[in-house]
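Okay, everyone, thanks for coming. Let me put the model up on the screen, and then I'll walk through it.

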Amino acid sequence: MCKIQHVDKKILYCMFVLALAVPAAAFSQSESLIIIETNDSTYVEGDSIVISGQVSTVIAGTPVTLKIIAEDRLVEVAQLPVAQDGSYSHIINASGDQWSKEGEYLIVASYGEESVETRFDYFPIVVAPETTDSFEVGAGSSGTFDVEYTIRGGTVKNMQIDERNLALVVTIEPTSKGSISLDMPRDAIDAKQSNQSDEIFIILIDGSQVPYTESTRDSDSRFVMIDFEVDDSEIMIIGTWVIPEFGAMAVIVLAVTITAIILLTKNTRMRISI
C-alpha cells in the first residue's frame, strides 16, 4: 500500500513540474517571435513585393533589418520602422540589375537578436531574340523557292515540301516559348476552294492541330503567324496545292485532311483565326 502511494506522489510531482514549465516555455517563445509574410509566393519582373510582419515586443528606436538574398548574393537591404503595435511593412519593386536572375529568393528579417525567414520564387521577363531571314526550299525538278520568315524564341533548322500531304514542313529549335511568321509564295503552296477563293490552311505542330493568324494576303503570297512552345519541333502547314511537280488536289484533299485531323488530333490548342 505504501509503495503505491509513493509512486502516485512522484507522478503528481512530475505533472506539477510540467504544468509549470510548459506555459513558461510558451511565453518565452512568444516573446521572441518575429512574424514575416509576403503578399504572394511567386513574382515576375516588375511586380510589387509587399512584405509585412509583427514583433512581439517593441524596442524603442530599433528598426527591423530586412535583407533579400539570392544565391548568396545580396539583392536588397532596408531598415524598417516598427509601429507602436509592433507591426512593420515594406514594398519592393522587383526590377533593376539586381533582379536579373530566375530562382528562389530568401527574405531575412532581423529584430534585436532574433530573426525569421521566408522565401519566394522570382522569374525575370525574358525578351526572346528575333531573327528575320529567308529559307531556300528544294522543289525537286522544279528548282527551289524562297520562304521569308521571322522567328522569335528559336531558330529555323529546315524547310521542305511534303508531297504526300501537300504541305510545307518547317523544323524549328525553340529556346523559349515564341512565334514564327511565314511569307509563303502562292506559286509554291496554297489552299483554295473549288471556286478558287482562299481556304484555310491546316497547321499541325508535332501532330497536333494548332491555331494560326493570317494577317495579310495578296495575289503573290499569304502571310501566316504561328505560336509555338519550348518543346515543339515540327510545324506542318497543309494546303490543297503545292508546286506543279506534285499536282493539284484542291478541295477533295483538303476535306479529307480536315476530317482526318478532327478524328485523329486529340490536342487542339485553339480555334484558327484568319
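**Rings, charges and confidence**

So, aromatic rings to begin with: there are six aromatic pairs here, where rings of Phe, Tyr and Trp (its six-membered ring) pair if their centres lie within 6.5 Å, with planes under 30 degrees apart called stacked, over 60 edge-to-face and the rest tilted. Trp 99 and Tyr 105 make a stacked pair, with 5.2 Å from centre to centre and 0° between the planes. Both Trp 99 and Tyr 105 are buried, and by buried I mean under 20% relative accessible area, with exposed being over 50% and partly exposed in between (1.4 Å probe, protein chains only). Tyr 105 also pairs with Tyr 122, and that pair is edge-to-face because the planes sit at 65°, with the centres 5.3 Å apart. Tyr 105 is in strand β7 (residues 103-111) and Tyr 122 in strand β8, so this pair ties together parts 17 residues apart in sequence. Tyr 122 is buried, as is Tyr 105. Zoom out a bit and ring pairs join Tyr 43, Trp 99, Tyr 105, Phe 120 and Tyr 122 into one cluster.

Before I go on, the ground rules. This is a predicted model, so local features need a pLDDT of at least 70 and side-chain atom pairs count only at pLDDT 80 or more, while totals for chains, interfaces and linings use all residues. Residues are numbered from 1 along each chain as its sequence is written, and side-chain values use heavy atoms, with hydrogens and water left out.

How confident is the predictor, then, in pLDDT terms? The protein averages a pLDDT of 83, and 77% of the residues score at least 70; pLDDT is the predictor's confidence in each residue, on a scale from 0 to 100. Helices (H or I, at least four residues) and strands (E, at least two) are DSSP runs, by the way, numbered from the N terminus.

I get 10 salt bridges, each being a side-chain nitrogen of Lys or Arg within 4 Å of a carboxyl oxygen of Asp or Glu. Asp 190 and Arg 186 meet in one of them, at 3.0 Å from N to O. Asp 190 is buried, at 5% relative accessible area, and Arg 186 is buried as well, at 12%. Asp 198 and Arg 222 form another, at 3.9 Å from N to O. That pair links distant parts of the chain, 24 residues apart: Asp 198 is in the loop between β12 and β13, and Arg 222 in strand β16 (residues 221-228). Asp 198 has 23% relative accessibility, so it counts as partly exposed, whereas Arg 222 is buried at 1%. Then there's Arg 217 with Glu 214, whose closest N and O atoms are 3.3 Å apart. Arg 217 is partly exposed at 37%, while Glu 214 is buried at 8%.

Now for the backbone. Most residues other than glycine have a negative phi. Glu 71 has a positive one, near 55°, and it sits in the loop between β4 (64-70) and β5 (73-80). Glu 71 counts as exposed because its relative accessibility is 63%. Gln 196 has a positive phi too, about 70°, in the loop between β12 (189-190) and β13 (202-205). Gln 196 is exposed, at 53%.

Last stop, the surface. Val 44, Phe 123 and Ile 125 make a nonpolar patch of about 260 Å². Patches use residues with over 30% relative accessible area and no salt bridge, joining like charges within 9 Å and nonpolar side chains (Val, Leu, Ile, Met, Phe, Trp, Tyr) within 5 Å; the areas are Shrake-Rupley with a 1.4 Å probe, and for residues only the protein chains shown count as cover. Phe 123 belongs to strand β8 (residues 114-123) and is partly exposed, at 34% relative accessibility.
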